[in-house]
Every structure is written in structure tokens, then in C-alpha cells.
Amino acid sequence: MTDAAHMALWESLDLDIPAHDALLAVLGKFYGDIYLSQQGRLKGAEYLDFVLSEVHGLRIKEIQDTKATGKKVVGTFCVFVPEELTLAADAIQVGLCAGAKAGTEKAETLVPRNTCDLIKSFVGFKLARLCPYTESCDLIVGETTCDGKKKAYEAFGEHVPMHVMEVPQCKGPCDRDLFRAELTRYKDALEKLTGNTITAASLAAATKVVNAKRQALQRLARLRSADPAPISGRDALLVNQISFYDDPVRFTAKINELCDEMEARIKAGQGVAPSGTPRLLLAGCPMAVPNWKLPYLIESSGAVIVGEESCIGERNTRDFTDETPTDLDGMLDALTDRYMKIDCACFTPNTERLDHIAALAKELKADGVIHYGLLFCQPYAHEALKVGKAMAAAGLPYLAIETDYGMVDAGQLKTRVEAFVETLS
Amino acid sequence: MNTYAGLDIGSRSIELVVRGGGETVASRRLATTYDPAARLRELFPDGAPDRLAVTGYGRELARELFPKALTITEIKAHALGAAHLFPQARTLLDIGGQDTKAVALLPGGKVGRFEMNDRCAAGTGKFLELTATVFGVPVEDFGRLALTGNPEAPVIGSMCTVFAETEATTLMARGTPPADIALGLHRAIVARTTAMLARVGLELPLVFVGGVARNPCVARLLAETLDAAPLIPDAPDMTGALGAALWLEARCP
């Protein structure tokens, strides 16, 4: 796209153009430093670079063009919002901007200062008119996965069309019933929004699309168990990040191509870091674009990240939705079952997450686990302690990091990460 | 004779230890100031020594200035230095200008679990420096002043530097003697430090290094709390530089 076309697009969305230009300039520099400087990248990473260079351009134009044909756009912040239903209603689902400091002062007029950066970021992006995805949405779907988010959505709802799904906090039969009812309520909201009826046929087709995407991402995740690691943790994280906003069918095809290339590399014994490089599993809070600080610090400290136990990672892709039911009720049950398996820290108890982390570390032949907690994210701060105990029991070296989107602690974090890596080698 | 230079570039001071023939042959300490690069050029007017290992938060800077230098973290460097001086030590406490670190020491000075303060400088040398300023006392004398405080004096609850200053000011306005408040501040530091030591699984003996190990009040309160006097080197702020030199010596004989 030409600059003039970009500008016209952003003006049509009423973005704050000078502030948005500044944001893209920072993002571009950040991307260059963290991504383009990597050695021995896969050729398939060109797709990632292209998508990211046009993250606020071509993909937005595509979305706007589709909107012009009458399609609706649904924005989300959480893996509990079932893309299957959104696609079955013939709408587009996109993850929204929430990974950078933007409009912080404005955000602090809607949410308290002691709120995690992810929440502050999505509120800030909206109030400062900086996210073309948020501005493209016909509906934004929130969820009650933590107190910070559920209260933030109350205030956010005064600025955007909002639908909030209740995610239960336990996994008993009545909790399952609650979530099943919430899926029906979301289905009704989608039908009202789009004017389309979700049928067994449309939901079955949508489920196939989303499962195919999960399958490609799982394939990528499995290939990372090879030593030397065939892909950097940064690139793999980017793949997971892009899975939230690129067209799902195109994305699946591109990731499968990337996996083909990875397989060839593995066969040739090639990797992004020499064999014997300390391998780390990164667990914890989700990392939205462009939250690459910690992965960059880790991979510039002589280690390679081989997995992301996170909502932008394993937690989003581990489970398929059962495709065998043929009637709508059965399909909604299958969706309920699939989504209730997510081991988000919002659940009590949530012991399956501890087992998952240990098992994943073993599968990926990780030498250690780094837990990433976003400052003021209480559920994951609590779990960081539990995970620490579980890793000690499993004999896995463990480091817990709590940080936010700012760069002021980069020096201290680098010391901690490097010292941790030193203990592994 | 081959010599091995270990350099520790901290937030407040730069330390250099040179080893040769299995012993320390030279050591030097200078203030970091606002221009550490200039200080390093001053330290090495003829360029960096051939065998140089750098630690401390300024290690990246040193790598730019002296491309041949190797770097290790201050956690590893202090562990190696401390274990060399006190092979029997099981836990390391390092309170420097900006950071506090607690490390479980494994045989041979290897690092086990470690903890480091988050971005805030509560409980570090910086905290002592800022609070000493409130009393108009040089930081070197602050510990001695605190030792004269009444043990029944109020405990300072805040560990945020700014809040602790507010708390101290409030107590001063009420007429609480400065020595009592100073003692309260020192107790707050030791309480925070012992919590950090507990998290790495404190085992005695404890070796206490870094600039704050020179503070007699922190050392005494630690001894009281742990029921055992910490082992403190003669030059506690040189341990990191020593560790870096030792690491190099072992690596490139």
C-alpha cells in the first residue's frame, strides 16, 4: 500500500494521525532491533515480516473492504471468546491492540493506576485513537477472567459496543452449565449483530477452519522439540500473535509452509542457535504485539525459547474442538468442553496448569522455565509461586519475572535472566 | 606472568582486581559518576588489558569499549569471589548501590537459587544514601548513628524510599531522635533482606558483600536476626571484581 492510501485509511477510521505515526515509527524500530537483527532466520519468516509491516495497513484495508460487503468485525482480548461461533456467524474475529504503552494517562482516567499494562493498554489505545482494529470493530467481546478486566469493561463499554461473557471460576458441573449458557448468549448476540443465523452447517465449517489453525500451530510447537531449535522463540511468539488477527485460512497455509521448512532444517541438523544452547520454556501471562521485551532479553542472553505456555501460545492451541457432533446443541456442548479445558489462572483450583507446564517442558526438552507475570496481574502472580514449587518438585530450574511494558527495568531483567542462564550451562 | 583483570562496573563505583600467579596483585576503586565511559578510559589509559572480564550493570558498556572483554553477571561474579574468600559459606548476600541479591551457594561457588530486588531500590545502598540525606549525615556515618538508637524506637514500615522519607520526616516532626529513626530505617532494610534470604532457602554461614556490608548497623542487625554473624570480607565491595578475575583465571589458564 502507498503512504497516501494508508493515510486515507487511517483518516477514515478517525485515528490520531501524528500520534499513530509516532507509534508506528517506534514499532518499526523495535521490530528491526528485535526481529530483523536475528541470524539464520527461516525463509518463511518473510511472511511474518510482511504481515507485521502491514499490521495497521493491508490487513485493516482487507477488513474494511470486507466490512463494505456487509460483514461485521468482532474484537476480543481473550482466548475464551470462541472464534468458531464468530466465524459461523460469518463475522471476522480479531485480537485488539493491548501490547504497548499507549494513551496511559488517558487510560488512567478510566482504570486505576495500579492496573496491569494489558488493560491500561487496550483502554489507552481506544481513548488515544491509536488502534485501527479497535476502530474497525462492530462489537467488542470482553470476559470476566480477572477483576481488573471485568471492572475495566464496565468503563470501556461507555466508549465501544461491548458484550461481556461470564467465564466461571471453577470447573464443576454448574460452572460448565454457566459457560454453556454464555456460549448461547454470545451466539444470540452474534446473530443479532450480523443478521445471520448460526446453523449446524455453518458452525461445523467454522470449527474445521479453527481446528486447522490449531493443528498448524501445534505442528509448529512440536517441531520446536528438535535440538538445535529450528525457530527462535521470538519468531514463534510472533506466529502466535499473528494468529489472532490474520485471516485464519491464509494464516494456516502460511504456517504449514513454515513448518515444512522447519522439518527440512531439522533433517539437515540446522537451527537458529547451536546445539547445546540452553533451552527455556516461557510460561505465564499473554504477550500481545509488540510485547517482545522479555523474549528478546532471554534470547540475547545465550538461551533459546522453545515454547510459550501462555494464552498467546500453547494455552490457545493445545485443545481441539470435537468435530463429531452433527446437531447444533451437540456442537455447543463440544465448544463448552473445549473451552473449559483452558487452564487460565482465573480458575480455582488450577492444578492442571502445573502438570501441563512440567509435561510441556519435558516434551520440548527445556532446561528451565521462566515465568512471566505482568505487574499487577494477581492471578498469575499467585500462580508464579505455585509453579515455582511444582518446578522444584519436577527438578526444573525456575525463574519468576514480574514486569510491565516499560523498558526501565531492562538492565535488571537482563542481569537476572543472564544469571539464570549461567546456572544452566 | 599472565595477569587476569576483573572489573565490576556498579551504579556507584567501579572496582578493578588484577590477579597473577594465583594471588591478587593490584586492586583499585573509583566512583562511577555520570560518565562511566570516561572513567573506564581513565582507568585504562593504554587500552584494556588482554585478559579482562567485566561484571556489573555496566558490563554491556565495557563490551562496547573493550570488544575483547568477556562478561559475566554480578550474581555469578560475587558468588565466585565470596566462595573464594569463604569456602564454607552457603548463602551470599550482596547489597550494592542499586540492587540487593540473595544467592544460594553451591559447591565451588556455583549459583543455586537467587533473588534480586525489583526495579525499586528499597533496601539498597541508594536507599541508605537518600535517607541519610534526610538527616544531613554522610552515608558512611549513618550506620554508626543508627547503632546509638533506642531499640524500643518506632519501626519504619515503609520500604519505598520516598514513603520512608515521609515517614521519617513525620517522626522527626514529632520529636523522635534522629538516631532512633535511623535505627528504624535500618531495621526495615534488614527485615526486607532476611525475607529475601529466606526465599532462596537461607543456610549458614552467610557471606555479606557489597558496599552496604561496610554499614555496621546493617551487619549487627543481620547477626541478631540470624543469630549468627555474617562473614564480611575486608573489602566487601571488591568481591565482584575478584570473582570476575577468578573466573577468567579458571577459564583461560
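**Exercise 1. Find which element gives the largest share of the lining of the largest cavity, then describe that cavity.**

Step 1. The largest share, four residues, comes from H11(A). Helices (H or I, at least four residues) and strands (E, at least two) are DSSP runs, numbered from the N terminus.

Step 2. Know the model. It is predicted: local features need pLDDT of at least 70, side-chain atom pairs count only at pLDDT 80 or more, and totals for chains, interfaces and linings use all residues. Residues are numbered from 1 along each chain as its sequence is written, chains are lettered from A and ligands numbered from 1 in the order in which they are written, and side-chain values use heavy atoms, with hydrogens and water left out.

Step 3. A cavity is a set of points, on a 1 Å grid over the protein atoms alone, where a 1.4 Å probe fits but cannot get out; lining residues have an atom within 4 Å of a point. Grid points are joined across faces, edges and corners, and a volume is the space filled by probe spheres set on the points.

Step 4. Take the volume. The largest cavity has about 200 Å³. The structure holds five cavities of 30 Å³ or more.

Step 5. List the lining. It has 17 residues; A:Glu83, A:Gln93, A:Lys213, A:Phe244 and A:Asn316 lie nearest the centre of the cavity. At least two residues each come from strand E2 (92-95), helix H11 (200-223) and helix H15 (314-317) of chain A.

Step 6. Sort by class. The lining of the largest cavity has eight nonpolar, six polar and three charged residues. Here Ala, Val, Leu, Ile, Met, Phe, Trp, Tyr, Cys and Pro count as nonpolar, Asp, Glu, Lys and Arg as charged, and the others, Gly among them, as polar.

**Exercise 2. Describe the second largest cavity and its lining.**

Step 1. Its volume is about 90 Å³.

Step 2. The second largest cavity is lined by 13 residues. Nearest its centre lie A:Ala221, A:Arg224, A:Asn240, A:Glu308 and A:Glu314.

Step 3. H11, strand E6 (304-309) and H15 of chain A give two or more residues each to this lining.

Step 4. The classes are six nonpolar, four polar and three charged.

**Exercise 3. Work out how chain A and chain B touch.**

Step 1. Count contacts, meaning heavy atoms within 4.5 Å. 15 residues of chain A are in contact with 17 residues of chain B.

Step 2. Take the buried area: the accessible area (1.4 Å probe) that two parts lose on being put together, summed over both. The two chains bury about 1,400 Å², 49% of it on carbon and sulfur atoms.

Step 3. Look for salt bridges (a side-chain nitrogen of Lys or Arg within 4 Å of a carboxyl oxygen of Asp or Glu). The interface has one. A:Glu418 pairs with B:Arg59, with the closest N and O atoms 3.3 Å apart.

Step 4. Locate the chain A side. Strand E8 (398-403) and helix H19 (410-424) of chain A each supply at least two residues of the side that touches chain B. H19(A) gives the most, nine residues. By class, this side has four nonpolar, five polar and six charged residues.

Definitions and conventions. 1 Å grid on protein atoms, 1.4 Å probe; cavity = no way out; pocket = protein on both sides within 12 Å on 5 of 7 lines; lining within 4 Å.
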